[in-house]
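Subject: Structure handover

Hello,

Here is the structure I promised to pass on. Please open it and keep it beside this email while you read.

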Amino acid sequence: MTSPTLADAPTLLEVRDLHVTYRQGGRDVPAVRGVDFTLPRGGTLGVAGESGCGKSTMALSLLRLHGGNAKVTGEVVFDGQDLLTARWFRLRAVRWAGASVVFQGAMSALNPVRTVLDQIVEPMVLHDRISPKAAERRAAELLSSVGIPARRIRSHPHEFSGGQRQRIMIAMALACRPELIIADEPTTALDVMVQAQILELLGTLVRDSGIAVIMITHDLSLLAHTCDRLAVMYAGRIVELGPSRQILTNPQHPYTRALSKAFPTIGDPASRRAPEGLPGDPPRPSHAPGCAFAPRCPEAEDACRTGEMTLWPAGPGRTSACLHARTRHGGAS
Amino acid sequence: MTAALRETRVEAALEARDLSVVYPAARGRGPARAVDGVDLRVGKGEIVALIGESGCGKSTLARALVGLVKPTSGQVLYEGTPLEYSAKALKRYRRHTQLVLQDPGGSLNPKQNVYDAVALGPRLHQLTDGLPARVHGALARAGLRPPEEFAGRYPHELSGGQQQRVVIAGVLALDPRVIVADEPVASLDASVRGEILRLVLRLRDELGLSALVVSHDLGLAWNIADRVAVMYLGRVVEQGTVEEVLLHPRHPYTKALLSVVPNGAENWRPTLLTGEPPDPTAIPAGCRFHPRCGRWAAASDEERAAAACTGRELPVLAADASGAACHLLPTPTEKP
Amino acid sequence: MTAEPTATASTATAPDLPGMPPAAVPPRFTGARRFVRAFVHRPAGLAGLGILLLFVVLALIAPAFIGPDQLDVTKVNGPLLHAPDGSYLLGTDQAGRSVLLMLVWGARQSLEIGVIATVLTVVIGSAIGIVAGHYGGIVGRALMHVTDWFIALPSLPLAISLAAVLGQGSESITIAIAVTSWTATARLVRAQTLAVEARPFVERARALGAGNRQIMLRQVLPNVMPLILVSSTLTVASALLSEATLTFLGLGSPTQVTWGEMLHDAFFNGAFTADAWWYLLPPGIAVLAVVLGFTLTGRAVEHVLDPRTEDTR
């Protein structure tokens with residue numbers, strides 16, 4: 001799913017200083033603590049991280065799909081428009097027709113009492129205002145393009161398997177010909193073979209139509225094959241950002257290193273009978289000072305626990321929020 | 001070509017012989033052959049990985065091995081003795097073979113604290129002498145130190161990794177010889193996974209435990225297993241040592257599974273199988289994998305006529321040998 | 001061999017970073033203190049509890065200032081069906097008894113019947129529900145058939161017949177209420193039992209060697225208890241109403257003073273035609289108030305115990 005270098009491609013999405021804070025039980029719980037990135041048209045960005053890192057929250061807040069009790073600040077400039085301050089009807093226009101979402105867990109994202117046809121057609125009728133007949137034709141086309149026979153279009157979601165439901169979700173996401181698809185853990189609950197099929201499908205569709213993709217997952221090596229660029233998130237912040245292949249072969253943040261070692265390469269003698277993990281657990285984001293990863297980091301020093309962390313340059317086109325990487329690449333220490 | 005036998009024959013801790021579990025017909029569908037003839041063997045001190053996708057029967061097989069599911073035919077043997085299914089015999093068996101499930105949060109009773117959760121097993125088996133020491137010892141061995149700090153907590157106060165350690169402590173409190181783990185790290189965060197797997201390895205090294213780990217993740221087998229068996233639709237289609245099966249796979253299904261594991265290489269080209277595995281009520285005739293088999297699809301008409309892929313069922317692979325159940329292999333291995 | 005001890009030691013302490021709960025674990029309201037703290041935030045629940053406390057206190061202290069003479073029709077000597085005045089705050093009934101004192105005593109009787117009937121209902125219903133939910137197959141199906149049969153029986157005629165057979169009085173009313181109410185609890189508990197048993201920790205208990213009784217009592221029951229608790233508070237409300245209905249219809253013992261009995265006496269002794277509102281309204285309002293109290297409390301408890309209604313305010 002990698003596209004040719006898009007260094008000169010126009011920017012589709014620019015996110016600046018995104019903060020998302022939830023209000024829970026009278027307290028402010030930060031979920032996303034300052035995220036910046038850009039996405040060119042047709043580009044692919046992978047977001048990797050574990051539970052509590054804020055990746056899903058971040059993705060949903062791009063379209064203001066977070067719950068009502070969250071406070072979002074920053075800028076999300078999509079196609080020249082700041083979605084966070086856009087008027088309601090402008091936001092609605094962007095939702096699905098500009099950018100659509102493939103949700104995690106197709107079982108709960110699909111309405112069990114409506115047919116697949118109804119669900120694919122619904123956004124088309126809302127946005128494109130085409131006739132029901134034309135919508136049905138297009139829906140049937142979409143369904144076969146994701147590998148499901150068009151004759152099953154009037155079935156209900158429970159009549160399909162998990163992999164098929166995920167394909168239906170993808171068909172729905174493509175319904176209004178968006179420019180961006182946000183895929184939130186699209187393959188997490190699926191078997192490895194089905195997962196590979198779905199990724200292949202996404203890759204083909206995206207290549208052929210030049211749609212940009214933000215893919216969120218916890219599997220780092222998967223993203224290396226499917227996305228141009230990669231952002232690794234931890235405790236609400238991006239800790240490393242850059243070309244995906246480079247990040248995988250030469251990680252510049254101890255967390256990225258640990259994450260990539262979690263899924264060993266079969267055939268690598270270093271990981272034979274030697275599983276690698278981190279002590280402790282991924283934390284919930286908080287306002288504590290210093291590097292959020294320091295308690296679990298094998299390379300942590302005192303400076304890590306107190307300093308203000310931000311993304312520093314760590315090579316051409318790469319950044320990392322690690323003091324060691326910053327020193328390595330000539331930053332002030 | 002004879003089946004490759006292992007040089008030193010380790011005693012079997014747990015064995016399945018010709019095991020079948022068939023669920024009766026229901027709701028207008030036929031009977032489901034969840035496990036359809038399996039020979040499997042876990043040697044003493046060995047870690048065996050049972051790999052397969054959903055619907056292949058691996059979870060059913062795991063539960064049959066711990067006595068939670070009664071096989072329709074075949075036997076489960078513990079240290080050579082067949083399992084009996086009376087309430088008493090099963091209870092005795094539970095002291096030796098224990099189960100760890102996938103969802104650690106759901107595996108713990110939310111109304112019981114950690115101490116009670118770990119003490120449940122010993123209390124059920126009247127091992128109440130020195131119970132606090134037993135519980136704390138198990139917690140410590142499972143990596144929850146200091147045990148006193150964890151004993152009073154409730155499951156919802158713990159993270160996924162800690163919950164799974166409590167489940168493992170609950171198992172260790174009974175001093176079992178064999179642990180069967182069904183997707184023990186699938187629900188855990190990636191960075192926590194390694195710690196739990198290291199724990200399993202340590203338990204084998206320090207306590208001599210044998211383990212059968214059921215998973216969909218071949219990387220897990222590479223990380224901790226000695227031998228691996230690959231299951232498809234109720235049968236083991238390939239088995240052997242981890243090096244044999246993962247580095248030199250012979251069955252087309254194993255090869256396909258390996259190819260879809262992202263390896264970070266530039267030229268990664270996964271072999272995608274079409275469709276999804278059929279369910280156990282509709283097992284294809286002959287070789288059950290042939291409708292999705294790339295080799296079958298690529299074979300010429302003469303090859304297909306000569307081979308028995310659609311006609312002849314494959315024999316059950318012998319438990320202690322390495323082999324792959326495929327008609328298109330030079331010489332398919334058979335049970336001696 | 002990879003180095004172990006330090007890594008695992010820090011596993012125990014690392015997550016306890018200052019002020020940071022472990023990741024991805026939603027808080028739940030277990031523990032009495034948290035329950036109480038959550039409950040006091042619900043004004044409706046507090047109001048309901050207040051009403052109940054008032055009546056319970058009245059019921060408890062009633063014997064201190066009400067003797068049997070004041071309730072005995074042969075011993076009182078107050079004015080007959082007299083409107084409220086200085087000495088009789090709620091007036092008198094047709095035999096000269098103080099309506100206020102009867103009201104207070106009635107609280108005691110009605111609540112007693114209501115609570116005992118509820119205990120019976122909940123115990124029978126829960127037992128059948130858990131057993132039916134745990135044992136599938138023939139036992140489970142048979143129990144549910146029995147339950148369905150009881151549901152199909154019209155409750156009022158059944159209660160009346162039972163009371164007629166067992167004789168008038170509070171015992172027969174209590175039994176009649178229990179017999180007609182246990183089915184709702186049974187169905188609820190059975191459904192919850194099925195849900196609980198589908199969770200992995202029950203399978204774990206079985207794998208560890210637990211037998212049927214262990215699972216039903218130690219694994220299922222504690223997890224079904226919150227539901228039973230909520231259901232009980234609402235059952236008391238309905239039991240009180242049933243008691244009032246049955247005694248009003250004449251199935252109670254005339255010598256016992258309950259609110260329903262008061263309504264019965266008022267009605268059948270011409271309080272309507274005599275416009276004796278002080279005789280009719282108080283018992284009706286009392287029943288209403290207590291039922292409201294139980295309902296409000298029950299709803300508040302349900303809300304607090306429901307893990308889905310996490311406080312996002």
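Below is what was found in it, chain by chain.

First, some ground rules. This is a predicted model: local features need pLDDT of at least 70, side-chain atom pairs count only at pLDDT 80 or more, and totals for chains, interfaces and linings use all residues. Residues are numbered from 1 along each chain as its sequence is written, while chains are lettered from A and ligands numbered from 1 in the order in which they are written.

**Chain A against chain B**

Start with the contact between these two chains. Chain A puts in 35 residues, and chain B puts in 35 residues. (Two residues are in contact if their C-beta atoms, placed from the backbone, lie within 7 Å.) On the chain A side, α7 (192-209), α8 (220-226) and α10 (254-262) each supply at least two residues. α7(A) gives the most, with six residues. (Helices are DSSP runs of H or I with at least four residues, strands are DSSP runs of E with at least two, and both are numbered from the N terminus.) By class, the chain A side has 17 nonpolar, 11 polar and seven charged residues. (Ala, Val, Leu, Ile, Met, Phe, Trp, Tyr, Cys and Pro count as nonpolar; Asp, Glu, Lys and Arg as charged; the others, Gly among them, as polar.)

**Domains of chain A**

Chain A is assigned domain 1 (11-98 + 176-282) and domain 2 (112-165). The bounds come from an automatic or database domain assignment. The C-alpha centres of the two domains of chain A lie 27 Å apart. Their contact takes nine residues from domain 1 of chain A and eight residues from domain 2 of chain A. The domain 1 side has eight nonpolar residues, one polar and no charged.

**Strands of chain B**

Now turn to chain B. Strand β1 (residues 12-23) of chain B pairs with strand β4 (residues 73-78) of chain B in the antiparallel sense, over five bridges. (Two strands pair if DSSP finds at least two bridges between them.) In β4(B), B:Q75 stands opposite B:R17. β4(B) also pairs with strand β5 (residues 81-82) of chain B, antiparallel, over two bridges. Here B:Y78 stands opposite B:T81 in β5(B). β4(B) and β5(B) form a hairpin with two residues between them. In the turn, B:E79 has a positive phi of about 50°.

**A buried helix and a buried alanine**

Look next at helix α1 (residues 58-65) of chain B. Eight of its eight residues are buried, so the helix is largely enclosed by the rest of the structure. (A residue is buried if 20 or more other C-beta atoms lie within 10 Å of its own, exposed if 12 or fewer, and partly exposed in between, with C-beta atoms placed from the backbone.) Among them are B:K58 and B:R63. After α1(B) comes B:G67, with a positive phi near 85°.

B:A13 lies in strand β1 of chain B. Why does B:A13 count as buried? B:A13 has 25 C-beta neighbours inside 10 Å. Leaving out residues up to four places away in sequence, B:A13 touches B:V42, B:G43, B:K44, B:E79, B:R177, B:V178 and B:S210.

**Chain C**

Chain C has 11 helices and zero strands. Of its 313 residues, 41% count as buried. Among the contacts in chain C with a separation of 6 or more, 70% come from residues 24 or more positions apart.

Best wishes
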